[in-house]
Amino acid sequence: MSFSPLIVFARRYPTLAVVALHLLLLAVLTSALYAFGIIRYLPGNDNLMHLDVYWYDKIRQEGYSYSTTTTSSVAFFPLLPYFWRFTRLSMAGMSVLNFSMFLAAFAWLAHQLRLASRLSLLLLSTPVLVFMAIPYTEALFFVFGSCLLLGLHRGRMGWWVIGLFGCGLTRTASIMFVPVLLFMVLLWAAQPGQARRALRWGGAGLLAISAAVSIVAYMQWKQVGDPLAFTKVQKFWNNHLRWPEYPFVTPAGIDMLWLDALALCLGCGALGVCGWLAWRWLKQRRLPMPQIPPMVLFAVGYYALLVVYIISHQGGSIWNLSRYLLASPFFVVLVWYLNTLPAWPGRYYAYLLLPVLAVWQLFGAFTLEFDNFTGGQAVWYFGLLSTYLFAYLMLRQLPWRREIIMLLYVFNLVMQLHLMDSLLQGYVIQ
């Protein structure tokens, strides 16, 4: 049997070849782990009705409901459940469609960014991408998020507007795009000769977000009688402004804490970058503004604002943070941009280690009993987590880069399947 046609295809369409290889490896590993009883469940119509899937299915079948005393479906935005209703698919069918849309959007994003094949493969194995394969909003948000980011990257105003509008119909989190957009426009306009263009794109973006949120408000007004129901019900989801409690926790336990902790670390890093950019903006008369692409400014701003929102509204619980930050096109863009930068001197990583350890201490890693761990076990846990984080940060300059990427890929894929197995059994992993 000749493999030359496959080789020609891989060379001509490298991104599609990476996606196909990932699907093959995912299928092989899933079948092996299932055969040996390491994972015990596969997705189906009988075991996908967990967590937020219940609410999306309820909206799909009945429309919105609203209660002034308890949780209700108006907390969720309409695009996924109404798109699901339009397709007439079963729960498993919608999961397959979601995963297919995600893979198509990822392939488009990776192709447009000219993302290296090994890096694409590694990003496809991100454990929280398990949410792309169930009836959740992650896949649609990834599609429209890729559209808005590539609109900025390629100078396509239409993509930018469609992306913001689609995100605005998909998730309440898209409301946070407004301050992020203003931040991006402010820094973009400070670059030489970019003021008018930045203002034009900012104005179009605000109109797109306003149109989407207005449609959601109108739908809820028609169905439940209150156009702002999606904001009023948040308190019943334990989502309201308050001081965070120490130490930080996640209700999902140890299975997800390492991912949420990584997301918190990245969010704090983005917050630091935004602070540095704001300082440079104030000093722009004496120091030229760094020429950072608007797409990257938007992604960094979104990360920073989201981590501030989670910390200030969930009382020390950071659950869902990894889902919001890592299962998104913003993560892909930031990893891509990091790998386009020149290699950092070794001392930079030494400087980064102290703030990383400070983030781990937010979970009581070194002074309190951590999740029924002894002190030594907690240090080992966060030591492994630090190694994992710095492996990503140093990928572009590490020796044995190929081997390290493959090791990370296999580990991530096993964790992804473990999380899916847990989700199908009804455990809280979000």
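In which helix is Ile215 found? Select Ile215: the residue belongs to helix α10, where helices are DSSP runs of H or I of at least four residues, numbered from the N terminus. The model is predicted, so local features are given at pLDDT of at least 70 and side-chain atom pairs at pLDDT 80 or more, while totals for chains, interfaces and linings use all residues. Residues are numbered from 1 along each chain as its sequence is written, and side-chain values use heavy atoms, with hydrogens and water left out.

**Stop 1: Ile215 and its surroundings**

Ile215 has a relative accessible area of 35% and is therefore partly exposed; buried means under 20%, exposed over 50% and partly exposed in between, with a 1.4 Å probe and protein chains only. Next, select Phe165 and Leu169, which are in contact with Ile215 when its neighbours within four places in sequence are left aside. Contact here means heavy atoms within 4.5 Å.

**Stop 2: helix α8**

Select residues 157-170, which form α8. This helix of 14 residues reaches 20 Å from its first C-alpha to its last, close to the 20 Å expected at 1.5 Å a residue; the expected span is 1.5 Å times one less than the number of residues. Buried residues of α8 include Trp160, Gly163, Leu164 and Leu169. To see what covers the buried residues of α8, display α4 (79-87), α7 (138-154), α9 (177-189), α10 (195-224) and α13 (294-313), which are among the covering elements.

**Stop 3**

Show α5 beside α7. Their axes come within 8 Å and cross at roughly 15 degrees. Axes are lines fitted to C-alpha atoms, for helices over the stretch in contact, and angles run from 0 to 180 degrees between N-to-C directions. The two helices are therefore roughly parallel to each other; under 35 degrees counts as roughly parallel, over 145 as roughly antiparallel, 65 to 115 as roughly perpendicular and the rest as oblique. Residues making the contact include Phe102, Phe106 and Trp108 of α5 and Phe142, Val143 and Leu150 of α7. By class, this contact has 13 nonpolar, four polar and one charged residues. Ala, Val, Leu, Ile, Met, Phe, Trp, Tyr, Cys and Pro count as nonpolar, Asp, Glu, Lys and Arg as charged, and the others, Gly among them, as polar.

The axes of α7 and α13 are 7 Å apart, at an angle of about 140 degrees, which makes α7 oblique to α13. Phe141, Leu148, Leu149, Leu152 and His153 of α7 meet Pro294, Met295, Phe298 and Tyr302 of α13. This contact of α7 with α13 has eight nonpolar, one polar and no charged residues.

**Stop 4: backbone features in loops**

Most residues other than glycine have a negative phi, and most peptide bonds are trans. Select Leu51, in the loop between α2 (14-35) and α3 (53-62). Leu51 is not a glycine, yet has a positive phi of about 55 degrees; its relative accessibility of 24% makes it partly exposed. Move to Arg114, in the loop between α5 (91-113) and α6 (117-124). Arg114 also has a positive phi of about 55 degrees and is exposed, with a relative accessible area of 75%.

Finish at Pro247, in the loop between α11 (229-232) and α12 (254-282). A cis peptide bond, with omega about 0 degrees, joins Tyr246 to Pro247.
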